[in-house]
Amino acid sequence: MAQPTANSVFSALSQHSYGRLAERVEDLSIPDFIRFLERTTRDFKQFLKVIDLINNQSLEPMLDELLETFTLKIGQILQADRTTIFVVDEERQELWSKVAQGGERIGASALDRLGGADSLEIRLPINQGIAGYVATTGEGLNIPDAYADERFSSVTDQQTGYRTRNILCMPVVSSDGRVVAIAQLLNKIGALPFSAQDEARFAHFAPSIGILLESCQSFYLAARNQKGVAALLKAISSMEQSLNLEVTLQSVMAAARNLMQADRSTLWLIDEVQNELWSQVQSADGQSLIDLRLPVDKGIVGHVAATGETLNIFDAYGDPRFDISADHKTGYRTRNILCMPVFNSAGKLIGVSQLINKAQGQFTQIDESFMRAFNTQAGIALENAQLFQELLLEKQYQKDILESLSDAVISTDMAGRIVTINEAALKLLGCPTGEDVSLTAGLNANTEQRVNSQIAQTWQINLIGRYLWDVLPLERLQMRLQDSLESGARHYVPEQSLRVSVASVANQSAHEHERSVQCVLVVPENVDGTPCYRLWGSDQRLVSPEPVMGWNRSLNLTVSPLSDPQGGVRGGLVVLEDISQEKRMKTTLYRYMTPSVAERVMALGEDVLMVGERKEVTVLFSDIRGYTTLTEALEASAVVSMLNEYFETMVEAVFHCEGTLDKFIGDALMAVFGAPLPLPNHAWAGVRSALDMRRRLTAFNCDRRLKGQPELRIGIGLSSGEVVSGNIGSQRKMDYTVIGDGVNLSARLESITKHYGCDIVLSEHTYDLCRDQVWVRDLDLIRVKGKLKPVKIYELIGDRTYPLDADTKAFLELYAQGQAAYRARDFPVALARFEAAQAMQPHDQTTGLYLERVQEYIQCPPPPDWDGVEVMTSK
């Protein structure tokens, strides 16, 4: 009985013919069955060897070297001067081979072009030239005179200086008759061309070469696929190591580079807000990341981002979309590029992966398939990282909002345990948070700040997880919170009383050589007539605590439920509004200054506000020009709306320079710089505020022009000097303000701006304090109404940070010369200078005033005791 062969065994197995193999083996004798097992075992061992060969890392160079050896031997047998084997690349419809960069032939490869630093891959269209003819027709060519054949191109000979005489070009076919390679032999050694005998000799080993190439390609594809799958799994695994966007971006780039054996890789993400592509690469020292940005429609990457197409570019310099300037700058040589879209789970294009310079030849369709699978996972990883980044930003945003609130805010879980507690709540309970120094007195500033920060962190850790009513012993707080958690009810209870007690325990640290402070919340008790303290939320009593500090707080209590997206309750929110004296004072101060300035004023003590004192300050008055005429045609609501918008931006100019808003007087505004908060240079603060008002008015008028509304003009007066500051008024109404000559002079200067046609006028007292920081024009020496002593006044032109233009400089020089001649009583010279200045700026009102005075004094000279002072007859 014929026994089944190994081929029939594997044929049955491969065809999944269940029972067929069993039928054949069923009737075998024992000796035949043993021989069958031996042959099958030998065949399986051969398969295992093939698998080992595929897994062997040296397979590719080994097969490459084997083909190179055969190529050299063919040239030796057929006595050719040069031999090249062009492999058919059916994917790209090209013929390719490798040559040494120095011109020496190193052989062809049946694999994916290992190519080293000393080799160069060349490619030819499959339908061009002699080799292309043989590849497309399958016919061999024996050409005795290359230059006589129209299919031969002499360009290569002209470039290299080599002279091709005769050619033998033969096809190499696979087992199924496909042309898999072309053997091209140049210049038969000797005087004769290649003969029919050479063709016959080649025909003897051509089938073996075909089988070898076919087998090499099969081995390569199997090895490439297996290695690619392993690399893909490893790359995907590496992307799952972090949800950090920066880390994920770098991980994706490194994984793609390793997977594709590329020299460089970049993952560009689409920034829809900026309409740009951005990525991050490591700096040259590897210590930081550098942001890269490109227009979303620029270059190869931009094309893929715009179209979603895959670009596999074999010659980067031959593609018009490639920007070669980057290579010229760096000296890098970009050869080939694989650029593919990256989609998220919803199919939206979110980025582009770019691989440059494959280490082994060109990027193939197999590479595209692997990168397509890789990009699918990369898109999901990036989407998760972006969502995580947005979650972190939102979490930080919510945290910043919570910490910025001046009211104490505490959130709880469904059991009433504390989940979050902001800094205002810690401070309400007596925890030092940076401003309180009483509990850490005696420490230097840096140590105090660090200790307070540590105490705040310790308090947060200790309070989170504790029941809220154990921390806040407010009447019926537990009942109200539980009702809110169970039914979603909201409670508001005004003016609750809270007694806060804190015991501070000081210890000497042997390691840090400084005092560490532990602050604990305590409740006063009386046990058997003996005063003691108990830790909040605990039965533990402090036997001998350090001195205890206590505060009485007056609070408005709000208890609200926290809702989930479905509308259910997921926790509680308790807001404690401190309406104690300090809070009321702060609320009052916020009307006059920014919260940060108010906090600093409060730190100076209550006497700064309540007790009158003399201070050196700068006072600013501003007023709207032609206000009555401007508002006559407006409805009352329009007037109020206009003033509110105007004052809103002007007050910001005061607050930004740490000034204090003193009062509004109709359409006028009064601000003080240097009281109640002392400033290093109150004059410069006032000047900066005035310049900011000028800038803001320009923007304000621009908006009004667009709306078809009339523009506003203002005048600003600034003067510095001693004033009396404090809370002034009656028992019914008191306001913080300043009084004195400096205030009166500022008000006069604001009015004087109309006389001189200027928008900002400084007194000499203000100018002297900041002369090195401003550009000014000396306006006049005046005596205001009600004063005997004259004062010099200046027009504020600008900040010295910005240089003056040439025309303004020339005008001011002529004006200064005219004014000097005027004060020296040289009126003809003054007339000439002022006329020249007026020619440059015809609408300058101050120059016109001086021209009138000069012409009058030429006609009727002033008395000998004339001092050049202009007496102002009105306020």
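Reply: Let us begin with a pair of helices, since two packed helices are described by the angle between their axes and the distance between the axes. Helix H22 (residues 741-756) packs against helix H26 (residues 845-859) at an angle of about 70°, with their axes 8 Å apart. Helices (H or I, at least four residues) and strands (E, at least two) are DSSP runs, numbered from the N terminus, while axes are lines fitted to C-alpha atoms, for helices over the stretch in contact, and angles run from 0 to 180 degrees between N-to-C directions. The model is predicted, so local features need pLDDT of at least 70 and side-chain atom pairs count only at pLDDT 80 or more, whereas totals for chains, interfaces and linings use all residues. Residues are numbered from 1 along each chain as its sequence is written, and side-chain values use heavy atoms, with hydrogens and water left out.

Me: How are H22 and H26 oriented to each other, and which residues meet?

Reply: H22 and H26 are roughly perpendicular to each other (angles under 35 degrees count as roughly parallel, over 145 as roughly antiparallel, 65 to 115 as roughly perpendicular and the rest as oblique). Lys 754, His 755 and Tyr 756 of H22 meet Gln 845, Thr 846, Leu 849 and Arg 853 of H26, where contact means heavy atoms within 4.5 Å.

Me: What angle do H20 and H21 make?

Reply: Helix H20 (residues 636-656) and helix H21 (residues 682-706) pack at an angle of about 150°, with their axes 9 Å apart, and are therefore roughly antiparallel to each other. Their contact includes Met 642 and Tyr 646 of H20, and Met 693 and Phe 700 of H21.

Me: Which strands are joined to S27 by bridges?

Reply: Two strands pair if DSSP finds at least two bridges between them. Strand S27 (residues 774-783) is joined by 8 bridges to strand S28 (residues 791-799), and these two run antiparallel, with Asp 778 opposite Tyr 794 in S28. A further 2 bridges join S27 to strand S29 (residues 870-871), which runs parallel to S27, and here Ile 782 stands opposite Glu 870.

Me: How many residues of S27 are buried?

Reply: Buried means under 20% relative accessible area, exposed over 50%, and partly exposed in between (1.4 Å probe, protein chains only). In S27, 8 of its 10 residues are buried.

Me: Is Thr 266 buried or exposed?

Reply: Thr 266, which is found in strand S7 (residues 262-271), is buried, with a relative accessible area of 15%. Leaving aside residues up to four places away in sequence, Thr 266 touches Met 253, Ser 279, Val 352, Ser 353 and Gln 354.
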